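Visitor: I'd like a close look at one part of this structure, please. Pick a pair of neighbouring strands and take it from there.

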Amino acid sequence: MTTQRSLIATVTLFVAAAIPAAAHHSFAAEFDPNQPVTIRGTINKMDWVNPHTWIYVDTKNEDGSITTWRFEMGPPNALLRMGWRKDSVTPGTQVEITGYRAKDGNAVANAKTVKLPDGRELFSGGSAPGSGGEGPGAAEKKQ
Amino acid sequence: MKAFLASWAMFVFVAIPLAAQAPARLPRTADGKPDLNGIWQALNTAAWDLEDHSGALHTPPGQGVVEGGEIPYRPEAIKKKAENFAGREKYDLAETACYMPGVPRAMYMPYPFGIIQTPKLIEMNFTFAHARRNIIADGTPHPDGFPDFWMGDSRGRWEGDTLVVDVKNLDERTWLDHAGNYHSDALHVVERYTIIDPTHIQYEATLEDPKVFTRPWKINMILYKILDKNAKILEYECVYYLQDEKYGNAKPVVVSK
Amino acid sequence: MKIIATVMFAFVTVSLAEAQEQKWVAPRTSDDHPDMQGAWARRGTRIQEANGPVSPLGEFSSTGQPYPTIFNTGVATALDRATLAVQKTGVVDPADRVLPWRPEADAARREFIRHMIPPASLQYVEPTARCVLPGPVDGDDRSPFFIVQHPGSFVLAYEYNHVTRVIYTDGRSHVGKKLRFFMGDSIGRWESDTLVVDTTNFNDKTSLAQTIPYHSEELHTAERFTRVSPNLIEYQLTLEDPKLFTRPIKVAGYFAAAPKDTEPMEFACAEGSQTLPNVFGIEFAPTR
């Protein structure tokens, strides 16, 4: 393939409407759209597995006990291509994470957004921390 | 007489140099490399057991493919191997879950696989679990901070007429065979593919894993080209059938509001 | 050397052609077919029908996001939106997207869909949620596709679920009728500069769309791949299943060039899937 730089206008193409509801994942079988959750806590770890990356978030309950929530995210390959690496996200990082709870009522959910205390969203399509400049995913999230 | 001697002299003259390099008539790709494209298969029983093994229940006999005969386990690792062997009908995930078998085991599963060769990328597509290896041959190193993969991260380069593939990031849950020979997440495999004639590849792999073995060790075997007319890699999607077996009569536990 | 010269000539030809806004000509492979090799992002090949049942699988489409899982990010492409905006996508025949259902088949799938959320049993779980091979339409288009061409074959390697379609173009026939595969059996031929792929020998275990949860073994598809520009392959899929439809339907889409340095990564599916354990409460693989 040739690289006609002068003719390549806007790079990137995203998501949402452009990528129809395909794929492999039976969200509706496992998760409940009527049970949105918002969890504030600290990142315990991430499992970088296909077909879903998992992020574990420790949240403190009122009685001082800790519940570790498991959030399901998309496949890691997209993140890896944007420059994210296994150590990009430090355990102990505070996050506010929203999603939809598993139907079986466990501390499991399908993640929608992961926000840092300063309001920045992680994994939203922007480049990884420290990778400098906008990654290929940055241009737009929705059409 | 002279003609007879002359013909013998020609034979001797030509034969000796050929023994020292790849055959002159070897098919080559456009970029001058030995052409490994095609369908290949190992014809041994290493998938059952890499070491010498007699015939036993569900186990065909075979002479081992390990150079030196025995895998050099660390003393504490020998126990783990024995536990694996005892539990193999449950814990060998390739067999009990149809999970991808990892490297090097995929290379000697007893089913054909394809090699699809381009200058910067060599794909191998396996019958078993439709597994695939993507061997990146563009000179890039293993990326730092990548997760582990069931088939590892493979980076290939040519040393003369030998394809050398360096494999890391292998998921520790794969086994080296059905006998419970295993490795840790520190496994590093270096493979050498040397085509010795158009239908045979000498395959050698060096395995290094200081958490499990006392030293690096090698396996060696021949890969045979499948010449049957219209041969192709067929689907062996065994996961589907295992799922049927496990969940076919199950009721869902989740109940929607 | 001949190949390098040919490619360079084509490169120069393409540069001049685009500079002069003339019709672009694809570089050729050594066996003189259009060269479509490289990394691509597939788009648009989805069956969305008019008058279809509301699928409980697609509850989030009204929010503009197919499902809430983050990283809906797809493969980046080097195509501008003006080019993409004119590409045909989705069902193009029938033009009104009212699919030519056989009435009994239409009724049967509407009834079937009612039992999918929650799934009444294993057979009602979306096949791709089980990480089964995706069949002729499905697949996760957030991951790239890789095309490799050799004389006699055209390989379409999906990153998703490591699907590898080796489409032989050497004139061979389909495999015997008793053989049944999730991806079917594909053979290809060149019609001028279009690769035409004929696929038969499907099993009946894959889904065609959220509103078409299954098909029969009589499914027969024809695909057309035509590279129209450096960064675009136009794609058309014809699906024929006499048990479902009274005539074939056509779906259009395209493959847009992914960044040149895109390398295939492993996308293991069954090994990490939690869907069936979550739905049925039974672990799939034993862990120690």
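Guide: Let's start in chain B, where strand S8 (residues 200–208) and strand S9 (residues 217–225) pair in the antiparallel sense over eight bridges. Keep in mind that you are looking at a predicted model.

S8 and S9 of chain B belong to a closed barrel of nine strands, which runs S1-S2-S3-S4-S5-S6-S7-S8-S9. The pairing in this barrel is mixed. Between neighbouring strands of this sheet the turn is 30° on average, ignoring direction.

For antiparallel pairs elsewhere, hop over to chain A. Strand S1 (residues 31–47) of chain A pairs with strand S2 (residues 54–60) over five bridges, in the antiparallel sense. Here A:Met46 has A:Ile55 in S2(A) as its bridge partner, and a hairpin through six residues joins S1(A) to S2(A). S2(A) also pairs with strand S3 (residues 66–72) of chain A, again antiparallel, over seven bridges. In that pairing A:Asp58 sits opposite A:Thr68 in S3(A). The hairpin of S2(A) and S3(A) has five residues between the strands, and A:Gly64 in this hairpin takes a positive phi near 90°.

Chain C comes next. Its secondary structure comes to four helices and ten strands, and along the sequence the pattern reads α-β-α-β-α-β-β-β-β-β-β-β-β-α. Of its 288 residues, 48% are buried. If you take the contacts in chain C with a separation of 6 or more, 61% of them are between residues 24 or more positions apart.

What brings the three chains into one story is the largest nonpolar core, with 145 residues. Those with the most contacts inside this core include A:Phe71, B:Tyr99 and C:Phe255. Strand S10 (residues 249–257) of chain C gives the most to the core, with six residues. Take C:Phe255 as your last stop: if you leave aside its neighbours within four places in sequence, C:Phe255 is in contact with C:Trp40, C:Ala41, C:Arg42, C:Phe145, C:Ile233 and C:Tyr235. C:Trp40 and C:Ile233 are also among the residues with the most contacts inside the core.

Definitions and conventions. Residues numbered from 1 in each chain as written. Chains lettered and ligands numbered in written order. Predicted model: local features only at pLDDT ≥ 70, side-chain atom pairs only at ≥ 80, totals over all residues. Pairing = 2+ DSSP bridges. Helix = DSSP H or I, 4+ residues; strand = E, 2+ residues; numbered from the N terminus. Axes fitted to C-alpha atoms, helices over the stretch in contact; angles between N-to-C directions. Buried ≥ 20, exposed ≤ 12 C-beta atoms within 10 Å, placed from the backbone. Contact = placed C-beta atoms within 7 Å. Core = buried A, V, L, I, M, F, W, Y, C linked by C-beta atoms within 7 Å.
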